[in-house]
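Hello,

Here is the structure I said I would pass on. My notes on it follow below.

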Amino acid sequence: MGSTLLVNLSYIVASILFIFGLKLLSHPETARRGNLLSAVGMLIAIVFTLFDQAIVDFKWIAIGIAIGGGVGALAATRVAMTSMPEMVALLNGFGGIASLLVGWAALGDGSMPGFTLLTIYLSILIGGVTFTGSLVAWGKLSERMPGRPIQFAGQKVVNSAILAAIVLCGVMFVVNPGASAWLYLAILLAVVLGVLAVIPIGGADMPVVISLLNSYSGLAACAAGFAINNNVLIVAGALVGASGIILTNIMCKAMNRSLSNVLFSGFGSVKQSAIAIEGEVKPLSASDAYSILEAAHTVALIPGYGMAVAQAQHTVKELQQLLENNGAEVIYGIHPVAGRMPGHMNVLLAEADVSYDLLLEMDAINPRMETVDVAIVIGANDVVNPAAREMEGSPIYGMPIINVDKARTVFVLKRSMASGFAGVDNPLFFKDNTRMIFGDAKETLSHLVREFGDS
């Protein structure tokens with residue numbers, strides 16, 4: 001009795017740490033502390049769960065810790081910042097398959113109340129969808145499979161039929177848990193549905209998908225917590241599920257998508273328009289760009305995935321400091337879905353110790369853009385594409401963007417004229433106030449840094 005009380009008290013402490021940790025994660029300056037608090041909470045939950053000797057074999061626990069800790073440490077130290085989005089997708093998938101296995105293991109002989117059977121079924125179902133859906137997201141983000149939407153005739157009908165079959169399997173499983181065929185069929189349908197739910201979604205919408213799958217992994221964990229009657233797993237899963245849904249809603253608004261549109265995968269079906277974008281590109285050398293920057297009073301830096309690829313965040317910080325020493329005001333414009341996962345640019349710039357006060361969200365920087373002397377777009381494309389504002393036939397029409405084209409001068413740092421991850425051409429490149437600086441973003445920025453250093 002005393003052991004059970006101690007375990008439950010530890011779960012309360014762990015849950016409090018989870019909540020405070022999640023709160024601290026909302027701000028870059030406190031995010032590391034929040035991550036540490038949450039990790040301590042999870043450690044407390046795990047250690048005190050081991051007091052329940054009836055369900056723990058310490059040999060397998062030790063083996064699991066050694067293998068998981070080793071793989072996690074290796075992945076954390078070797079993953080490049082450009083690969084973080086696909087790693088997050090994989091972690092979501094691992095959470096899903098863990099919930100599936102926990103629910104499956106909790107079934108036993110099936111002699112349990114209907115509510116428990118329902119939670120077991122939900123943990124297996126959501127876990128299976130999350131696992132394969134996350135693998136597809138990983139494949140798209142890592143470019144191991146096409147990033148474009150993959151569709152086939154009757155896709156919505158097939159998905160609807162699978163959903164109906166899953167509901168039927170769930171009813172039959174709860175009514176007759178001894179008939180394992182229904183459960184096996186449900187597992188098969190769940191993993192197939194996970195694939196079919198994500199393949200019609202284009203790579204440019206992956207930030208929304210990642211946050212949604214993160215929510216799914218939390219919901220699966222929450223259901224698994226009910227299945228094994230573990231309070232801390234219920235709390236942790238609910239927190240992850242709720243925060244993931246909130247983040248998904250934020251991402252949807254940033255891309256002009258509705259949440260229901262995301263849930264039913266309708267936003268992957270947008271067709272590329274045949275609108276021709278014509279104009280003359282005006283290339284500029286880094287040396288000529290320096291001459292313009294030297295006279296600028298206000299400079300806005302707009303980072304995108306290209307900055308991550310070039311690993312140019314530290315060079316960006318150097319340029320910022322040199323510009324400030326030259327008397328210019330420097331600000332950053334951060335689009336909610338810049339990069340390939342939520343908060344991608346914030347993480348990169350935080351790594352370079354860029355002050356959070358300089359990072360302005362889209363709604364904060366857009367009113368100031370007309371007063372900006374030079375806007376430097378570093379590898380961003382879709383999030384600064386004025387077609388979203390000007391061309392009704394464009395697939396991204398209506399998507400909120402950072403209005404860099406309204407700055408007095410725009411420098412676009414790109415390797416080529418290739419379209420962005422959404423595959424949509426960008427009329428920004430042909431604007432009268434835009435100058436294209438071709439080449440590796442880090443090399444271009446380093447050239448500008450040297451020019452300022454030599455002056």
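Of the contacts in the chain with a separation of 6 or more, 77% join residues 24 or more positions apart (contact means heavy atoms within 4.5 Å). This is a predicted model, in which local features need pLDDT of at least 70, side-chain atom pairs count only at pLDDT 80 or more, and totals for chains, interfaces and linings use all residues. Residues are numbered from 1 along each chain as its sequence is written, and side-chain values use heavy atoms, with hydrogens and water left out.

The chain has 455 residues, 46% of which count as buried (under 20% relative accessible area, with a 1.4 Å probe and protein chains only). Its C-alpha trace spans about 75 × 50 × 35 Å along the principal axes.

There are 17 helices and six strands (DSSP runs, H or I of at least four residues for helices and E of at least two for strands, numbered from the N terminus).

Two helix pairs are worth a look. Helix H6 (residues 155-175) and helix H7 (residues 180-198) have axes that come within 9 Å and cross at roughly 150° (axes are lines fitted to C-alpha atoms over the stretch in contact, and angles run from 0 to 180 degrees between N-to-C directions). H6 and H7 are therefore roughly antiparallel, a term for angles over 145 degrees. The residues of their contact comprise 17 nonpolar, two polar and no charged.

Helix H5 (residues 114-141) also packs with H7, at an angle of about 35° and with the axes 7 Å apart. Among the residues making this contact are Gly-128 and Lys-140 of H5 and Gly-194 of H7.

Regards

Notes. Parallel < 35°, antiparallel > 145°, perpendicular 65-115°, else oblique. Nonpolar A, V, L, I, M, F, W, Y, C, P; charged D, E, K, R; others polar. Buried < 20%, exposed > 50% of the residue type's maximum accessible area, 1.4 Å probe, protein only.
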